[in-house]
Amino acid sequence: MSEYKTLFLNEKDSVAVALSDIPAEVEVVVKADSKEFRVKILEPILFGHKFAIRAISQGEDILKYGEVIGAAVVPIDVGEHVHVHNLEGKRGRGDKVV
Amino acid sequence: MFNEKLQFWGYRRPDGRVGVRNHVLILPTITCATQTAQRVTELVSGTVTFIHQHGCAQVGTDFDQTARTYVGMGMNPNVYGVIVLGLGCETHQAIQIGDEIAKCGKPVETVSIQDNGGTLQTIAEVAKIAVRMVQDASMVQRELCDFSELIIGTECGGSDACSGLSANPAVGSTSDMIVEQGGTAILAETTELIGAEHLLANRAANDSVAKKAYAVIKMMENRSIQMGVDIRTGNPSPGNIEGGLSSLEEKSLGAATKSGTTRLEEVIDYAERPTKKGLVWMDTPGHDIEQLTGMVAGGAQIVLFTSGRGTPTGSPIAPVIKISTNTPMYERMQENMDLDAGTIVDGKETVSQVGGRIMEEIKAVADGKLTKAEILKQHDFGIWRIGPTF
């Protein structure tokens with residue numbers, strides 16, 4: 001399989017972390033506890049960045065460490081880069097107060 | 001990991017507390033006196049000072065917080081004696097700060113620039129006192145002390161996605177070892193615990209500690225809400241985002257791993273001294289220097305500082321041990337970093353192995369080994385401002 005290292009921290013999580021730069025179009029395996037996923041990476045993922053290990057719908061909570069790290073701004077596909085362009089924090093949002 | 005009782009060679013102070021350094025601190029209580037203080041440190045070896053912009057036209061809680069920070073810096077057991085230097089007309093009067101510090105029994109002298117007839121005469125006066133104080137300090141012998149006497153500050157700055165996977169959990173494991181030795185570990189940066197507060201509150205010693213944990217988080221979060229801004233415009237920082245962190249919650253969950261697994265004994269205010277041993281949460285912002293200053297003023301003798309992006313940060317009076325979250329940065333910035341936890345990401349070491357290595361470094365530094373930040377004279381200082389200046 002792939003030689004690209006990834007880290008999947010908690011089986012509840014919707015994202016995994018790339019532990020090396022991963023190019024587009026490769027398939028990686030992510031494992032946590034009893035769960036294992038094969039994910040086709042859709043776009044280049046840099047070291048330390050996250051990709052979706054399952055489809056996430058718009059507005060859905062995104063989980064890492066088994067905890068909420070924010071919500072999806074747009075629908076996110078399996079293998080897509082998850083970062084500030086499609087994930088927004090839910091805390092300290094003074095800009096959302098009218 | 002360390003079954004035996006650990007000890008180090010420290011400097012016992014008149015109030016019974018123990019320092020790992022033996023500085024003479026020239027403490028300017030007002031920004032107007034910082035340049036003069038700086039000149040004296042250039043003349044007299046063994047003295048340290050810090051540059052800042054506080055000490056006048058502050059009111060209420062903000063006034064108290066600045067005063068508490070000055071007094072805490074002077075009382076820190078890494079300081080042998082203090083020369084408190086004021087201008088004369090400022091709101092934070094040198095004489096009051098000096099009287100407060102003197103209560104811990106260490107040598108304290110107070111000097112005013114206005115009373116001394118100006119810059120040059122003040123430099124001469126402070127330098128004369130400093131020469132005497134440094135020589136007295138040099139006569140103090142180190143003695144064998146228990147690790148239970150240590151207050152270890154923990155901090156992360158310039159975080160990346162590895163912070164929460166390598167260096168922060170490793171510091172958490174060290175924190176557990178410090179607590180097991182009967183010492184104190186400070187967790188801070190309230191901003192960077194937003195989103196992880198429930199995990200800490202669940203570990204609180206009692207209901208009132210849990211309530212205070214939620215309360216300080218709420219106050220911090222409300223500050224950004226009252227300003228009408230997305231907290232992400234300030235935290236995570238551009239470097240954090242480049243490193244792969246997408247939201248404050250994500251950063252917080254990684255930051256919280258520095259707390260290890262022990263019970264949360266108390267939540268204290270900024271620059272306040274812990275009243276309990278064990279794990280203590282100090283309410284500080286995520287701003288590296290302001291957090292560092294708060295913990296050192298609270299009595300931390302040594303600070304553990306993890307970084308993914310790399311940072312030179314240090315304190316004038318407390319050694320700061322810098323731990324990298326990834327090996328490429330460690331190799332790139334070896335002149336600033338003391339230890340590498342990137343071995344965890346590479347699968348070469350476990351979290352507790354690195355935690356043990358940090359513990360050994362704490363002992364070496366407590367015994368006198370200089371950290372990179374000390375050697376590079378990285379004397380950072382900044383007080384968390386919570387009100388406007390008038």
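Okay, let's start where the two domains of chain B meet: 14 residues of domain 1 of chain B are in contact with 13 residues of domain 2 of chain B. On the domain 1 side, strand S3 (23-28) and helix H2 (60-75) of chain B each put in at least two residues. H2(B) gives the most there, with five residues. If you sort that side of domain 1 by residue type, you get six nonpolar, seven polar and one charged.

Quick reminder before I go on: this is a predicted model. Its scores are ipTM 0.95 and pTM 0.95. For chain B, the mean pLDDT is 96, and 99% of the residues reach 70 or more.

So where do the domains sit in the sequence? The assignment for chain B puts domain 1 at 23-138 and domain 2 at 147-375. Going by C-alpha atoms, the centres of those two domains are 29 Å apart.

Now let's zoom out to the whole of chain B. We've got 14 helices and 14 strands in this chain.

Two last numbers on the packing. Of the 390 residues in chain B, 60% are buried. And if you take the contacts in chain B between residues at least 6 apart in sequence, 73% of them join residues at least 24 apart.

Notes. Residues are numbered from 1 along each chain as its sequence is written. Chains are lettered from A and ligands numbered from 1 in the order in which they are written. This is a predicted model: local features need pLDDT of at least 70, side-chain atom pairs count only at pLDDT 80 or more; totals for chains, interfaces and linings use all residues. pLDDT is the predictor's confidence in each residue, from 0 to 100. Domain bounds come from an automatic or database domain assignment. Two residues are in contact if their C-beta atoms, placed from the backbone, lie within 7 Å. Helices (H or I, at least four residues) and strands (E, at least two) are DSSP runs, numbered from the N terminus. Ala, Val, Leu, Ile, Met, Phe, Trp, Tyr, Cys and Pro count as nonpolar, Asp, Glu, Lys and Arg as charged, and the others, Gly among them, as polar. A residue is buried if 20 or more other C-beta atoms lie within 10 Å of its own, exposed if 12 or fewer, and partly exposed in between; C-beta atoms are placed from the backbone.
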